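Have the viewer open and follow along as we go.

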Amino acid sequence: MVGLAYDFLANPLGAVRLAFEKAVASSPPDADPAAAFRGNDWGAVDLFRDFLFEQGGLSQVPILDASTRRWVQPNTLVRFRGMVQDMLGNELYVGAYKDGSNWRTNKFTDMAPSSMPPAFETQLWERHLFYCVPVPGQNSWAMEPSPSPGVRNMSSSTSQHGVKRGRNTEDDMDLNVSYNWDEASSNTKKQKEDESTCQSSSSSEDLANHGGDLELKNGDSSCLSCLVKIYDMPESHLKLNDVFEFIGIYTFDPELAGHEDNSDDVMYDLFEDPMAHLPPSKVPHLHCLICRKLVIQDFLPNSPVIEPLPNMIRKIRESLLLHLSAVLGNDEVAAQYLLLHLLSRIRAQVDVITVGKLSLNLTGFTRESASIFCCQLTNAVEELLPFTHVIPLTIEYLNNATLQPRKDNETGRLVAGVLQLAQGTHLTIDETRMQNGTLTSNGVENARLLKHLLEWQKVEYDFEYYKLEMAADVQLLIISEGKSNILPADLVLPFCPKSVASVNATGEELQAWRWYLATMRSLQHSSEPETSQILQDEMVAAMQEDRSLGCAGLTRWLTMAELMSASFGEKCLTLEHWQMIKELERLRKERLQ
């Protein structure tokens with residue numbers, strides 16, 4: 001039996017090109033195969049799906065990050081997990097060309113392997129460009145380890161496809177088209193039209209600076225961003241701040257990194273190579289074959305296979321509450337509220353009400369207690385949730401931090417801000433170090449942005465001529481000495497620790513708690529008609545008794561009751577859960593008096 005002419009891991013381009021040649025050979029004699037396959041797959045992706053998911057090849061594919069890039073070879077198959085930080089529009093490239101009497105493809109790569117024929121024997125195809133970064137605030141335990149280089153000999157595939165020629169301006173004719181994701185409507189004002197012109201004329205040199213943005217944003221210069229090129233799918237399939245896993249071909253060419261612009265070359269002016277100013281040593285390129293949107297459960301390594309039986313859920317819930325209570329100095333009421341807070345997520349936007357959010361403000365911290373319990377609390381949250389971030393809210397931080405993502409209209413790129421976060425991120429804001437001082441205009445604006453995120457779960461992006469709101473799903477926990485004047489949380493609870501307890505958790509316990517939070521958080525809620533009527537009557541009576549309660553207060557009660565149901569693994573709201581919430585609220589109000 002003759003072996004395969006390619007290796008999916010070390011020579012994925014071999015599979016792509018061989019599949020293309022077979023598809024061309026089977027085309028009708030009078031058909032134009034290059035035009036027929038524009039924007040369509042010819043079976044290459046199915047080959048990779050079979051290898052990855054049917055033959056178990058996925059476990060052999062290295063994960064592209066700062067540590068593995070030292071040994072991952074160019075033109076090999078890699079995986080990359082990241083958040084879409086910017087959408088760079090479309091790019092034209094030479095997708096097919098005629099070599100003698102045979103059509104060949106240049107798909108999933110940056111350069112052709114040989115000298116290109118005249119333009120009339122080439123086909124320009126289109127791909128989408130996305131700038132992706134490691135998920136901001138991703139904790140180390142949620143990072144999937146990469147297979148060791150010893151698992152597979154990742155030899156360069158260039159030797160299997162012939163020697164690569166030096167750069168020729170006819171070899172790779174790419175064209176950046178424009179951004180199109182930020183257009184608000186067809187009736188945009190002239191200012192927005194001017195901005196669109198700036199977007200389409202952005203230079204590739206400016207895009208290279210994204211890597212610097214990433215390093216500053218994540219606070220770790222070892223983080224690796226990636227320019228992902230997407231084929232054969234609508235651009236709307238990927239949205240800003242979505243988290244995806246990309247499986248594709250990693251490309252690298254040191255000759256491109258050192259290429260100098262030839263201003264006398266008319267063809268180069270028309271078809272500027274966007275990679276010429278994107279040094280591969282800083283921003284690698286990934287030609288995507290397969291991608292899938294990730295959810296929180298995808299970031300739980302070694303997650304236990306647990307059947308969600310009621311008794312099992314209750315046991316995990318009880319052990320997690322004991323752990324949270326120990327973290328909070330045996331404050332059992334605070335542990336109950338913290339659990340509901342960790343289970344909260346945005347479910348809908350109804351008029352001016354954001355359904356599902358439950359921000360929490362723990363008050364009563366002193367300098368001494370904050371030094372103990374704040375550290376324990378932030379560490380506990382980091383161990384339980386995949387994406388977490390802590391903001392030390394001081395006057396200096398507010399005045400100097402860049403919280404708002406901003407569009408640089410001169411470069412046409414989106415400059416990341418601290419509040420550009422993935423869905424499901426937990427944000428702890430520590431006000432215990434706040435001192436008297438004067439806020440600058442930037443400090444006032446940052447305080448407004450945080451308040452806007454807390455109240456509406458939206459982040460304003462600055463596009464110079466206008467603001468564009470992007471929906472968010474961020475859990476906000478505020479730790480302060482008194483009730484926060486900057487961030488009016490949904491719940492304010494005075495913190496009453498009884499003792500300093502030792503906090504220990506085994507690896508098995510952490511895995512079970514992570515699974516529990518991710519699974520219970522994703523449950524859909526409902527209620528029986530009879531229960532809904534009883535709750536409605538009780539809420540009307542509560543409003544008559546307390547006129548200050550208002551619609552927002554009743555919505556908060558319903559959210560808490562649904563989260564209490566979810567904490568027991570139940571999808572249907574019951575009167576028992578409603579009574580538990582009423583009792584918790586009674587205890588909280590006693591502390592506020």
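Please keep in mind that the model is predicted. The partner of tryptophan 42 is phenylalanine 20: the two rings make an edge-to-face pair, with 4.8 Å from centre to centre and 70 degrees between their planes. Phenylalanine 20 is buried as well, and its relative accessible area is 0%.

A second pair to look at is tyrosine 93 with tryptophan 125. Their ring centres are 6.5 Å apart and their planes stand at 90 degrees, so this pair is edge-to-face. It links distant parts of the chain, with tyrosine 93 in strand E1 (residues 76-99) and tryptophan 125 in strand E3 (residues 122-133), 32 residues apart. Both tyrosine 93 and tryptophan 125 are buried.

Now bring these rings together in one view. Ring pairs join Phe20, Phe37, Trp42, Tyr93, Phe108, Trp125 and Tyr231 into a cluster. Over the structure as a whole, there are 15 aromatic pairs.

The charged end of arginine 81 sits over the ring of phenylalanine 299, 5.2 Å from the ring centre. Elsewhere, arginine 317 lies over the face of phenylalanine 568, and here the distance to the ring centre is 4.0 Å.

Next, find strand E10 (residues 360-363). E10 runs parallel to strand E17 (residues 474-479), and 3 bridges join them. Within E17, leucine 477 stands opposite leucine 360. E10 also pairs with strand E18 (residues 491-494), again in the parallel sense, over 4 bridges. There, threonine 363 has proline 494 of E18 as its bridge partner.

A disulfide is a covalent bond between the sulfur atoms of two cysteines. How many disulfides does the model contain? With a cut-off of 2.5 Å between the sulfur atoms, the count is 0. Cysteine 226 is in no disulfide, and the nearest cysteine sulfur, in cysteine 132, is 7.0 Å away. Cysteine 226 is buried, with a relative accessible area of 0%. For cysteine 291, the closest cysteine sulfur is that of cysteine 288, at 4.4 Å, which is too far for a bond. Cysteine 291 counts as buried at 14% relative accessibility.

Among contacts with a separation of 6 or more, 80% are between residues 24 or more positions apart. The chain exposes about 26,300 Å², of which carbon and sulfur atoms supply 51%.

Definitions and conventions. Residues numbered from 1 in each chain as written. Predicted model: local features only at pLDDT ≥ 70, side-chain atom pairs only at ≥ 80, totals over all residues. Heavy atoms only, no water. Phe/Tyr/Trp six-rings, centres within 6.5 Å; stacked < 30°, edge-to-face > 60°. Buried < 20%, exposed > 50% of the residue type's maximum accessible area, 1.4 Å probe, protein only. Helix = DSSP H or I, 4+ residues; strand = E, 2+ residues; numbered from the N terminus. Lys NZ or Arg CZ within 6 Å of the ring centre and 35° of its normal. Pairing = 2+ DSSP bridges. Contact = heavy atoms within 4.5 Å. Areas by Shrake-Rupley, 256 points an atom, 1.4 Å probe, with all protein chains shown as cover.
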